[in-house]
Amino acid sequence: MAKIRKLALTSIAAGAMFVAAGSATAEAPEPTPTFDDVTVTVALHSGAFELAWAVHKEQIKALYGINMEIVGIPVNELFDKEILELSMGSGAFDLVQFNPGWMGDYVDFLEPLDPYMERWDPAWEDVHEGFRVWENTYQGTRYTLTMDGDILFTYYNSDVYENPEEQAAFKEKYGYDLAPPATWDQVVDIQEFFRRDTDGDGEIDSWGYSDPIIKRGRGFYSFLLRYINYAGSNPQYMDPETMVPLINNEAGVQALENYKRTIELGPPGMLSWEWDEAHAAFMQGRVQTLVHWPDEGLMTDLYTANTGAEMGFAKMPGAIVGGEKMERTMTGGGWIIGMSRDSQNKEAAYTLLRHVLSPEVSLHLVLMPGTDIFRTSQFNHPVIKKIAPAKYLEVYQESISDNFPELRIPGGFEYYDALDVAVQKALAGELSVKEALDEAAANWEEITDRIGRDEQRAAYKAAMGL
Amino acid sequence: MNAARAPIVEVAASLAEPSGFKAWCRANSFALVLLAPTVLILLALTIFPLIYSVYISLFDYYLPRPHRRAFVGLENYGAVLTDARFWASMRITGIFMFFSISIQFILGMALAVFFFDEFRGRSAKAVYLPLILVPMMIAPVVVGYVWRLLYQVEFGPLNYMLLQIGISRLEFTASAGTALLSIIVADIWQWTPFVTLVMLAGLVALPQELFEVTEMDGASTWQRLRYVMLPLLSRVIAIVLLIRLLDSFRELDKIFIMTQGGPGTVTETVSYYAFLTGFKFFRIGYAAAMSLLLLAVTAIICTGIAKVLHKEQIFER
Amino acid sequence: MLARQSARYVAIAIVVVVFFFPIYWMLITSMKPQEEVLYYPPTFVPPEFTFRYYAEAFDFRGGTALINSLIVTSIVTVISTVLGTLGGYAFARYKVGGFHLPFWILSTRMMPQVAAIIPLFLLMQQFGMIDRYGAVIAVHLIVTLPFAIWMMRSFFLETPVELEEAALMDGASKWQLLMKIAVPLAAPGIAMTALFSFVFSWNEFLFALVLTRRVATTLPVVISGLYSQHGVLWPVMTAVAAMGLIPIFILAVVAQRYLVRGLTLGAIK
């Protein structure tokens with residue numbers, strides 16, 4: 001037990017060992033300009049990213065004469081603190097990390113990177129295409145680079161799923177074979193099937209499934225993951241012509257009903273789960289299936305030590321609409337980094353950005369916890385292939401290709417928040433599913449009108465590549 | 001005003017020529033000098049910003065798009081007053097205030113009476129008193145985090161203890177039914193010691209013979225409470241309620257840490273909602289209008305209380 | 001009688017446990033390995049104590065936060081105590097503004113912080129004061145200065161005025177009256193006012209959250225931000241919180257007898 005405990009969760013410090021194991025002296029991509037004691041301020045979200053980037057501080061100073069100053073901002077405050085600085089035009093941050101979903105609000109304050117990238121290629125083609133298109137490019141212009149390959153897919157306890165007794169029992173009960181859920185409808189069956197009291201003390205202590213994050217704030221992603229699949233061949237957040245919200249249509253209702261049912265059958269207290277609760281519940285074997293970001297895939301040894309089982313990987317559940325299988329996923333956040341329009345040191349800022357995110361250097365980032373693989377070269381690198389299961393890398397890459405864009409229009413953060421409140425109200429039973437979605441839709445209409453319908457229509461079309 | 005304590009200003013005035021504003025200023029010049037820095041600081045930090053806030057509240061002002069700021073007159077006020085989420089948050093604030101203050105009051109009073117009996121006849125203060133005072137001295141942010149740990153549904157100590165005595169897990173802040181209650185409990189934990197301490201001080205200050213007499217008459221604890229303590233403590237009670245009323249109306253820190261207003265909006269107090277509109281949605285004009293309305297509510301409470309306090313001379317001993 | 005006595009001790013024990021348990025839980029969480037925090041069953045007494053998170057806290061701005069909070073809080077305490085003493089004296093002895101002006105000053109402490117911070121934020125931004133100590137100190141004065149004025153007013157109201165009157169007749173200046181007679185008499189009150197100004201400023205969250213970024217972040221702001229995308233850094237957070245408790249706890253013990261008066265804005269002695 002004590003041993004298991006020791007292994008039970010990763011701490012940020014553990015990642016330093018990886019980097020120590022790899023070489024700490026990555027080469028500079030190729031000769032680029034040097035600067036005379038210029039300071040570049042990078043706003044990152046505090047914790048893992050901050051620590052991973054800080055490793056390269058001295059090298060950047062030595063190679064380019066740039067002082068990298070990192071400002072760590074707690075993830076829940078990143079949007080507001082950055083937008084305040086950017087909109088003020090202070091130039092206090094040269095580089096800013098943010099979510100693709102906030103692009104609509106950020107883009108006015110960002111420096112287009114095309115001219116820089118044309119001069120010094122940041123190994124653009126090596127960034128995974130799903131990220132290049134839906135995260136880094138906006139209205140045909142390149143504004144950002146991906147700095148963390150977040151994407152959502154499925155983890156499962158393969159021993160349990162491959163157990164013949166379980167398979168027989170499942171088949172008998174549901175009439176199809178037990179397998180990692182291929183559709184969201186199946187998620188509910190799996191949730192119900194594995195819902196048991198394993199030690200006979202009268203308390204349920206095992207469940208089938210957990211969503212990535214449910215708590216107020218980011219729980220709306222778990223709704224959107226379902227919605228983009230239930231919505232069939234052409235999912236849209238809003239009607240591209242009228243900008244009338246579509247999330248409260250039949251697909252939306254189906255999606256939220258499904259989400260609600262999953263939570264109802266899930267562990268008590270799930271409504272307040274964040275990353276770590278979902279992670280801990282899966283890693284301790286209390287939940288057999290988990291849709292999450294790519295972090296767990298590098299913790300298979302820990303998982304086996306805890307649960308005695310092998311970790312399995314599968315693509316995200318989808319939906320069958322009109323006989324056709326939908327297979328879409330989202331970044332569920334995801335991190336990109338762009339340059340402030342008001343930066344006083346743009347050349348230096350780009351040089352730093354290109355260095356840290358170059359294929360060579362970024363390999364070190366992804367070997368530390370918190371940053372996930374985002375370059376094709378990383379997927380193919382021998383070190384990565386050695387530490388990561390092949391199936392994981394395969395599922396991971398396919399999932400990036402299935403990436404559905406976030407709502408990248410002005411007010412994105414507020415649209416998301418309105419949706420989040422409504423989704424939570426439905427999950428908590430305050431409102432019926434339809435009422436909640438109608439409320440969200442009404443709030444979306446209000447936001448659209450406030451920002452300007454025509455402007456939003458143009459932004460929406462451009463953001464969705466229509 | 002106590003006659004034995006003629007204020008110096010009268011002494012000074014009797015030496016000077018007693019006429020008009022100039023004379024008043026001359027007589028009070030020293031006081032005005034002493035007060036000047038404070039008044040300047042407070043004017044700069046409260047009055048000036050408030051005027052600025054009134055100005056902002058007349059604009060449709062989305063912070064990230066400063067160039068699109070448009071004058072809308074009183075529209076923001078109308079919008080706030082017709083905003084269902086605003087009224088819901090007012091209602092939640094009301095529920096929060098009512099339950100947390102009344103329970104704190106009852107519990108705090110009971111503890112005060114208990115400790116009072118405990119202390120009587122002893123000069124030494126109990127060593128454990130500082131221990132129960134810690135909750136109100138620590139930062140509300142820390143209170144929020146600590147209770148989040150305690151409320152962990154899967155891994156928390158409270159549910160573990162409940163399971164040991166055969167009660168199923170509670171969902172605390174994770175369920176719409178119990179979330180507000182859970183915050184109220186944390187607030188009660190934080191502020192009951194305050195009520196206890198103040199009441200205790202009030203009881204200690206009462207003439208002690210009173211208690212000896214009532215005890216000899218064979219009055220029950222309840223009778224003593226109802227007919228002796230409560231009436232004599234009315235001044236203390238008024239103060240406690242005033243402070244708790246205004247402080248809990250502003251409640252934000254614990255919500256910020258514990259639930260962010262969720263699940264849904266069941267724990268979204270009006271302060272937190274105003275914070276969200278201003279600093280997350282950046283609807284600065286709207287947020288300014290909302291916060292001015294809150295200020296008006298506070299001002300009404302304060303003015304009412306000021307009248308009572310002044311009349312009853314509560315702060316004038 | 002014995003039974004009654006032991007029942008009392010049991011009751012006291014329960015009360016102390018209820019009020020102290022959360023603090024205990026915070027302290028042991030700071031000494032548990034991170035992986036033990038979210039683990040079932042929870043450990044009430046960790047099998048092994050570790051203090052490494054107290055050291056790690058300094059990598060997460062714990063040290064900066066403590067220093068910043070000490071700087072901000074000390075300056076706020078000094079300013080509000082000095083100005084509070086002067087202003088309180090003016091109100092108590094000269095009755096400037098009667099009851100209502102001092103009460104208005106007090107009521108600024110009562111206003112919803114969120115109402116003050118919206119315009120203050122915009123103004124501070126325009127004056128380039130964001131993330132400066134000066135900005136935090138200034139806004140903390142909104143909370144502590146009215147309190148200090150009001151408290152000192154109540155203390156001066158109850159110190160005997162006769163000594164001052166006699167000295168005035170003897171030709172002492174008004175400044176001498178204040179410094180030589182009134183202030184020494186009100187010394188305990190001044191100490192208490194300083195103590196509470198310290199606590200209010202030390203714990204203040206919203207103002208500091210909105211006005212600071214990384215240079216001037218105070219303890220509650222740093223504590224509130226101790227999470228990554230993978231959840232709260234529980235042991236580090238509780239370690240920083242525990243260190244932040246030390247000065248408060250010392251003050252609470254030292255100044256026990258002033259607590260009531262401070263907490264009731266001087267209404268109860």
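**Briefing: chains A and B**

In chain A, residues 24 or more positions apart account for 76% of the contacts with a separation of 6 or more; a contact means C-beta atoms, placed from the backbone, within 7 Å. This is a predicted model: local features need pLDDT of at least 70, side-chain atom pairs count only at pLDDT 80 or more, and totals for chains, interfaces and linings use all residues. Residues are numbered from 1 along each chain as its sequence is written, while chains are lettered from A and ligands numbered from 1 in the order in which they are written.

**Chain A overall**
- Chain A holds 23 helices and 13 strands; these are DSSP runs numbered from the N terminus, with helices being H or I of at least four residues and strands E of at least two.
- Its radius of gyration is 22 Å, close to the 23 Å from the globule rule for 466 residues, so chain A is as compact as a globular protein of that length. The radius is taken over C-alpha atoms, and the rule is 2.2 Å times the number of residues to the power 0.38.
- The C-alpha trace of chain A spans about 70 × 55 × 35 Å along its principal axes.
- Of the 466 residues in chain A, 57% are buried. Buried means 20 or more other C-beta atoms within 10 Å of the residue's own, exposed means 12 or fewer, and partly exposed lies in between; C-beta atoms are placed from the backbone.

**A four-stranded sheet in chain A**
- Four strands make an open, mixed sheet in the order E8-E9-E7-E10 (chain A). Strands pair if DSSP finds at least two bridges between them.
- E8 (207-210) and E10 (311-314) of chain A are the edge strands, each pairing on one side only.
- Neighbouring strands are turned by 20° against each other on average, direction ignored. Axes are lines fitted to C-alpha atoms, for helices over the stretch in contact, and angles run from 0 to 180 degrees between N-to-C directions.
- Strand E7 (residues 153-157) of chain A runs antiparallel to E10(A), joined by four bridges. Asn157(A) stands opposite Met311(A) in E10(A).
- Helix H14 (residues 275-283) of chain A packs on this sheet. H14 touches E7, E8 and E9 (287-292), and its direction makes about 140° with that of E9(A).

**Lys173(A)**
- Lys173(A) sits in helix H10 (residues 164-174) of chain A.
- Lys173(A) counts as exposed because it has 12 C-beta neighbours inside 10 Å.
- Its C-alpha atom is 27 Å from that of Ser222(A), 49 residues apart along the chain.

**Chain B**
- Chain B has 14 helices and two strands.
- Of its 317 residues, 45% count as buried.
- Among chain B contacts between residues at least 6 apart in sequence, 68% join residues at least 24 apart.

Note on methods:
Contact = placed C-beta atoms within 7 Å.
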